[in-house]
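Visitor: Could you take me through a close look at one part of this structure? I would like to follow the charged side chains and how they pair.

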Amino acid sequence: MKNILLEINNGIAVVTLNRPDQLNALNRETISELSGLLDELNNNKNVRALILTGAGEKAFVAGADIKEFAHFNIEEGRALSADGQTELFDKLENMSKPCIAAINGYALGGGLELAMACHIRVANTIAKLGLPEVSLGVIPGYGGTQRLTRLVGMGKALEMICTAGMIDADEALKWGLVNHVTTPEELMAKATDIATKISRQSGAAIAQALHAVRAAYQANNGGFTAEIEAFGACFGTPDFIEGTSAFMERRKPDFSNK
Ligand code: CAA
């Protein structure tokens, strides 16, 4: 794998997204590598729990790779969202082993969506969490509108999504968006401690527990499809062109609101 590091110790797989110079942004290649790796780890009887984290000092994952999708049209935007959800985000949520996000810095856009598709989240004190997509003229497209609403309720979800704002780890703890906050030095130890406790339990029972808890949310899954369509529609707007151009040109966007 080019963009992912893997270490397995005592039944715990530590998966590190490794594009630190791009703040571990999720490009096509990384999504495909991670998708294949999840299949392997789900089938590996020696692996009992996963920890996902980001390489470098700054970021867990700073989102989907904006440079890769800035020129996409409506159909390509729709496919980006639909394929990403199927290939990676739904697959992660549907794993039969618990996945812990160790959030070691920015978890923005697709990065926060990746953490939210994990089953448990631990953040360190430098973490910043947000769904800033509307600042680019687009919306969260990797399940963020649905999973954030489930985790924190509609009011807080709409505030985070509509302001494009970031919150720090302590605020995320208050919101219930993360389970624990640690110092940067203690982050992996805390995630490993949780994974170790999991690895001592019945793997068969845990797989059933994950299945049963997920079922609590499966009655109304239509929101994911609505998100895919709305995400795609954004790619046909002048605001999307302005928002993504402004990011790449390192300037503030000047939206026409069309
Ligand atoms: N996509 C592509 N490249 C990214 C990126 C992203 N999401 N986030 C950061 N990078 C790149 C930067 O372009 C820069 O690359 P170059 O050195 O080649 O120019 C490098 O990573 C370092 O980033 P910065 O220089 O910007 O670092 P900073 O410390 O000044 O700022 C930051 C950090 C606030 C996180 C800023 O990088 C940022 O705002 N990133 C974008 C965050 C974002 O909008 N995420 C949502 C993406 S859209 C999405 O995820 C859609 C979806 O739901 C499917």
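Guide: Glu-93 is buried in this predicted model. Its relative accessible area is 18%, and buried means under 20%. Glu-93 forms a salt bridge with Arg-150. The closest N and O atoms of this pair are 3.7 Å apart. Arg-150 lies in helix H5, residues 144-152. Glu-93 lies in helix H3, residues 74-93. The pair links distant parts of the chain, 57 residues apart. Arg-150 counts as partly exposed, at 24% relative accessibility.

Asp-90, Glu-93, Arg-147 and Arg-150 are linked in a network of salt bridges. Side chains of opposite charge can pair when their charged atoms come close.

Now look beyond the network. A search of the whole structure finds twelve salt bridges. One of them joins Glu-29 and Lys-2, with the closest N and O atoms 3.4 Å apart. Glu-29 lies in helix H1 (residues 28-43), and Lys-2 sits in the segment before strand E1 (4-9), so this pair ties together parts 27 residues apart in sequence. Glu-29 is partly exposed, at 33%. Lys-2 is exposed, at 59% relative accessibility.

Another salt bridge pairs Glu-171 with Lys-174. Here the closest N and O atoms are 3.5 Å apart. Both residues lie in helix H7, residues 169-175. They are three residues apart, about one turn of the helix. Glu-171 is partly exposed, at 27% relative accessibility. Lys-174 is exposed, with a relative accessible area of 69%.

Methods:
Residues are numbered from 1 along each chain as its sequence is written. This is a predicted model: local features need pLDDT of at least 70, side-chain atom pairs count only at pLDDT 80 or more; totals for chains, interfaces and linings use all residues. Side-chain values use heavy atoms; hydrogens and water are left out. A salt bridge is a side-chain nitrogen of Lys or Arg within 4 Å of a carboxyl oxygen of Asp or Glu. Helices (H or I, at least four residues) and strands (E, at least two) are DSSP runs, numbered from the N terminus. Buried means under 20% relative accessible area, exposed over 50%, partly exposed in between (1.4 Å probe, protein chains only).
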